[in-house]
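Please read them with the structure in view.

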Amino acid sequence: MPHKVKAVISRAKDAPVEVVDIIVPDPGPGEVIVDVLTAGVCHTDLHYKLGGIGNDYPYLLGHESTAVVSQIGENVTNVVVGDRVILNWRAVCGQCRACAKGQAQYCFNTANATQKMTLEDGTELSPALGIGSFAQKTLVAAGQCTKVDEDADAAAVGLLGCGVMAGIGAAMNTGEVKRGESVAVIGCGGVGVAAIAGAKLAGATTIIAVDLNPTKLETATQLGATHTVDSSKVDPIEAIKELTGGFGADVVIDAVGRPETYKQAFYARDLAGRVVLVGVPTPEMKLELPLLDVFGHGGSLKSSWYGDCLPSRDFPMLVEQYKQGRLDLDAFVTERIKLDEIEAAFDKMHEGTVLRSVVEL
């Protein structure tokens, strides 16, 4: 029978979020109900709240989570009741043109649950990124569940469900950072410092953190940066070149997503270097670069979607790196909060005083 649970929704653009009762239906074919253990408060949730992604209110927020499978529908074979899972928004279809080419990390037809969760009056909810995990229980497609070991802190590993994976993947998957290379990361919020951690894990020997905020630069150093650049005081392009023998970095990651920072990334790389855009621009932003400079610098300009991750491949590997002490996911968990503290967590995110607030249910 359907479940009534507590959840956090956004009813209207820029209105405060609310804790309400919602109805979660029994899972249908290919669907799973999970008991949510933890949920990170991500910038994407804030974008939904502010109307930056769509207008399909009310939204059931939350998507960056660890959970336990509590009920499965027909034809579900990848998980069983009791499995500890990290939720993901890339449930690959196995049949689209990307999957057919063996590039499932670019799947163009990812799955979500078919049924809708609702308010008590029957109003359908739009789950953030097809997940909606600011809730005691949520309904997802089975492919959105990636089984992981239970002997890891749920709050820490759940962050692989979005922001931390986006940053680590920008370095390791999209940027293809190699041992001994130099990496610069522009923007040291949660995704940026995750990219720094990813560069360290990949074996980069020069890792340069660039930001306007000295506190964020300190955090970047704790997570693997070998050098820091305060771009409020110096030209980051010149500073990065100075730290790389005058040449520029092998890989420069733009974790801000603005035309100004992208140009900095473009000109701060070595010849034949790689630029990775993982910061998300807004629709009105435009980029202008001399085409001759694009040609003359060579190399590659890449965008990183969700860190180009394949959850079934990357989540278990990164959890194991965490357990071995090679990836400090604990450092990303700034505070542990309850459902009714999410609005305050959005304020802290806006102020830049947290890496991640994590809801524990």
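**Aromatic rings and their surroundings**

1. Phe-266 counts as buried because its relative accessibility is 0%, where buried means under 20% relative accessible area, exposed over 50% and partly exposed in between (1.4 Å probe, protein chains only). This is a predicted model, in which local features need pLDDT of at least 70 and side-chain atom pairs count only at pLDDT 80 or more, while totals for chains, interfaces and linings use all residues. Residues are numbered from 1 along each chain as its sequence is written, and side-chain values use heavy atoms, with hydrogens and water left out.

2. The structure holds 5 aromatic pairs, a pair being rings of Phe, Tyr and Trp (its six-membered ring) with centres within 6.5 Å, called stacked if the planes are under 30 degrees apart, edge-to-face if over 60 and tilted for the rest. One of them joins Tyr-106 and Trp-305 edge-to-face, at 6.4 Å centre to centre and 85° between the planes.

3. That pair links distant parts of the chain, 199 residues apart. Tyr-106 is partly exposed at 25% relative accessibility, and Trp-305 is also partly exposed, at 48%.

4. The rings of Phe-266 and Tyr-267 have centres 4.9 Å apart and planes at 85°, so this pair is edge-to-face. Tyr-267 is partly exposed, with a relative accessible area of 23%, whereas Phe-266 is buried.

5. The charged end of Arg-269 sits over the ring of Phe-266, 4.8 Å from its centre; the term requires NZ of Lys or CZ of Arg within 6 Å of the ring centre and within 35 degrees of the ring normal.

6. Tyr-48, Tyr-57 and Tyr-59 form one aromatic cluster.

How values were computed
Helices (H or I, at least four residues) and strands (E, at least two) are DSSP runs, numbered from the N terminus.
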